[in-house]
Amino acid sequence: MSRLVSLMSGAAAMCCVGGSVAVSGTLSGAPLFTTQALRYAVACLLLLAFARTRGVRLLRPRGGEWAWLAGIAGTGLVIFNVALVQGARHAEPAVLGVAVACVPPLMAVAGPLLEGRGPSRTVLVAAVVVTSGAALVQGLGRTDAAGLAWASVAFACEAAFTLLAVPVLGRHGPVGVSVHAVWLAAVMLAVLGAVHEGPAVVTRLTGRDLLAGGYLAVMVTAVAFVLWYGSVARLGAGTAGLLTGIAPVAAAIAGVALGGPAPQPLVWGGIATVAAGLALGLRPLPALPAPRPAANPA
């Protein structure tokens, strides 16, 4: 039952992420750094309130933990958002989506290694199948050299968001990692916003910007982060990584729900391929040796 709950937790997180695509698009004209800084600041307050009500003890990072947590914030949250915005100027959204969809194979290899065990061949094959299906759902799209470069950055940052959390999840737990990552990101983005956009830019935010940012703060940050890191902690990064293939499927379904056209046959084929990859990779496997305890980064 706990495995099923973990799978549902990770799947729900990816549904939140995929369903947010249309919402994120409404922020294309808003000041990037300031809007995202407010988003993560609000999310941090929500996570602190959640930790308090659930009696979750938040630990102060020590030693090398600061580097892991700052890495999550800097790559998975700050640079990732910059890559999406800059990449959109040189590439169609599908290009960036496919880049992010390529994360499962990397996580299938790197995740278990960080956890102290070898990769599973079954999970790796399933990750390739899931990525292939996600690529079909997203399509390809046009780009130039700069667009490919930013897509590569988005791919690396998406992987870093999960992989850099593996060494600190054991001590801080899903809530602790989420809290520290978002407050660090809020500080980084606030500094960038003050330097590049100016403090007064906050007065230019419209009600629509604030609503969209609020939705992202609640569903895609406060809720999805805890669900996702909880899934990674229990399933392992390699297995949980398969669930990222749900995000483009959720985005396609959300687009139809919001009045968009019905998916083309190729998209339906991609959805079926993702489902096949998930069925292959998430089936119960023989028990593995317990992972070695992660080295204390302090």
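Reader: Quick one to start: is the crossing of helix 7 and helix 12 left-handed or right-handed?

Author: The crossing of those two, helix 7 and helix 12, is left-handed (left-handed if the near helix is turned anticlockwise from the far one by less than a right angle, right-handed if clockwise). Bear in mind that this is a predicted model, where local features need pLDDT of at least 70 and side-chain atom pairs count only at pLDDT 80 or more, while totals for chains, interfaces and linings use all residues. Residues are numbered from 1 along each chain as its sequence is written, and side-chain values use heavy atoms, with hydrogens and water left out.

Reader: Which residues make the contact of helix 7 with helix 12?

Author: Helix 7 brings A134, V137 and Q138, and helix 12 brings P248, V249 and A252. Contact here means heavy atoms within 4.5 Å, and helices are DSSP runs (H or I, at least four residues) numbered from the N terminus.

Reader: And at what angle do the axes of helix 7 and helix 12 cross?

Author: Roughly 25°, with the axes coming within 9 Å. Axes are lines fitted to C-alpha atoms over the stretch in contact, and angles run from 0 to 180 degrees between N-to-C directions. So helix 7 is roughly parallel to helix 12 (under 35 degrees is roughly parallel, over 145 roughly antiparallel, 65 to 115 roughly perpendicular, the rest oblique).

Reader: Switching over: how do helix 3 and helix 4 pack?

Author: Helix 3 (residues 32-54) and helix 4 (residues 65-88) sit with their axes 11 Å apart, at an angle of about 140°. That makes helix 3 oblique to helix 4, and their crossing is right-handed.

Reader: Which residues meet there, in helix 3 and helix 4?

Author: From helix 3 you get L32, F33, Q36, R39 and Y40, and they meet L77, N81, V82 and V85 of helix 4.

Reader: New topic. Where does S231 lie, and is S231 buried or exposed?

Author: S231 is in helix 10 (residues 207-235). S231 counts as buried because its relative accessibility is 0% (buried is under 20% relative accessible area, exposed over 50%, partly exposed in between, with a 1.4 Å probe and protein chains only).

Reader: What is S231 in contact with?

Author: Leaving aside neighbours within four places in sequence, S231 touches S6, S9, G10, G236, A240 and L243. S6, S9 and G10 are also among the buried residues of helix 1.

Reader: Last one: what does G269 count as?

Author: G269, in helix 13 (residues 265-281), is partly exposed because its relative accessibility is 30%. Its C-alpha is 9.8 Å from that of A134, 135 residues apart along the chain.
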